[in-house]
Amino acid sequence: MKTLILYLTHDGQTRKIAEAISAQLTGQCVIANLTENMNIDLMPYDRVVLGASIRYGKFNPKLYAFIREHKQQLKAKKGALYTVNLTARKADKNTPQTNVYTRKLLAKIAWQPQVVQVFAGALFYPRYTWFDRTMIRFIMKLTGGETDPRKEVEYTDWKQVANFAQQIDQL
């Protein structure tokens with residue numbers, strides 16, 4: 001079984017999740033960053049996994065463009081989708097049914113993957129630009145999250161990632 005894992009990331013957590021999924025799948029696995037290459041041939045692969053993160057309430061527009069452009073190929077493959085956002089750090093916002101960003105995405109795209117998951121991302125305050133650090137701290141203050149600009153916090157539940165990889169392997 002050949003699996004292609006495509007991702008779009010802002011700060012690297014979505015890539016890190018892609019790598020963790022890849023390490024647990026059986027068969028050959030290729031990981032690619034959609035930011036660097038939107039013209040990937042899906043034909044050689046049995047399964048396609050898409051991963052995308054949220055920044056300021058929005059997915060990278062390349063996600064929508066890729067799905068639009070490749071929707072027929074995606075529909076013909078076994079498929080999985082995972083989204084990454086800080087809202088998912090809360091227990092009532094970490095499933096495809098309870099995460100507003102993922103629900104809106106699935107309602108908007110023509111492709112409906114067989115397996116969908118939502119993962120909490122990570123905060124990397126020291127790595128952010130001044131603007132991003134300020135904006136994200138403001139958002140986190142409003143939502144009851146970490147606001148110390150010296151901290152890096154990884155909210156990703158790696159057991160949840162492992163379970164998702166098992167679901168993909170069963171496709």
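**Salt bridges and the fold around them**

A: Let us begin with one pair in this predicted model: Asp132 forms a salt bridge with Arg55, and their closest N and O atoms are 3.3 Å apart. The pair links distant parts of the chain, since Asp132 belongs to helix 4 (residues 130-142) and Arg55 to strand 3, 77 residues apart.

Q: Are Asp132 and Arg55 buried or exposed?

A: Both Asp132 and Arg55 are buried. For Arg55 the relative accessibility is 14%, and because buried means under 20%, Arg55 counts as buried.

Q: With which other residue does Arg55 form a salt bridge?

A: Arg55 also pairs with Asp11, where the closest N and O atoms lie 2.2 Å apart. Arg55 is in strand 3 (residues 47-55), whereas Asp11 is in the loop between strand 1 (2-8) and helix 1 (13-24), so this pair ties together parts that are 44 residues apart in sequence. Asp11, at 33% relative accessibility, counts as partly exposed. Taken together, Asp11, Arg55 and Asp132 are linked in a network of salt bridges.

Q: How many salt bridges does the count come to, and which residue pairs with Lys16?

A: The rule here is a side-chain nitrogen of Lys or Arg within 4 Å of a carboxyl oxygen of Asp or Glu, and by it the count comes to eight salt bridges. One of them joins Lys16 to Glu154, with the closest N and O atoms 2.7 Å apart. Lys16 lies in helix 1 and Glu154 in strand 8 (residues 152-154), so the pair ties together parts that are 138 residues apart in sequence. Lys16 is partly exposed, with a relative accessible area of 36%, and Glu154 is likewise partly exposed, at 37%.

Q: What pattern does the protein follow along the sequence?

A: The protein has five helices and eight strands, and read along the sequence they follow the pattern β-α-β-β-β-α-β-α-β-β-α-β-α. An unreviewed UniProt entry lists residues 3-171 as "domain: Flavodoxin-like"; over these residues the chain is 37% helix and 25% strand, with the end C-alpha atoms 11 Å apart.

Q: What radius of gyration would a compact globule with 171 residues have?

A: Such a globule would have a radius of gyration near 16 Å, and the protein has 16 Å, which agrees. Along its principal axes the C-alpha trace spans about 45 × 30 × 30 Å, and buried residues make up 46% of the 171 residues. Among contacts between residues at least 6 apart in sequence, 76% join residues at least 24 apart.

Key. Residues are numbered from 1 along each chain as its sequence is written. This is a predicted model: local features need pLDDT of at least 70, side-chain atom pairs count only at pLDDT 80 or more; totals for chains, interfaces and linings use all residues. Side-chain values use heavy atoms; hydrogens and water are left out. Helices (H or I, at least four residues) and strands (E, at least two) are DSSP runs, numbered from the N terminus. Buried means under 20% relative accessible area, exposed over 50%, partly exposed in between (1.4 Å probe, protein chains only). UniProt positions are given in the numbering used here, feature names are shortened, and annotations may be inferred rather than shown by experiment. The radius of gyration is taken over C-alpha atoms; the globule rule is 2.2 Å times the number of residues to the power 0.38. Contact means heavy atoms within 4.5 Å.
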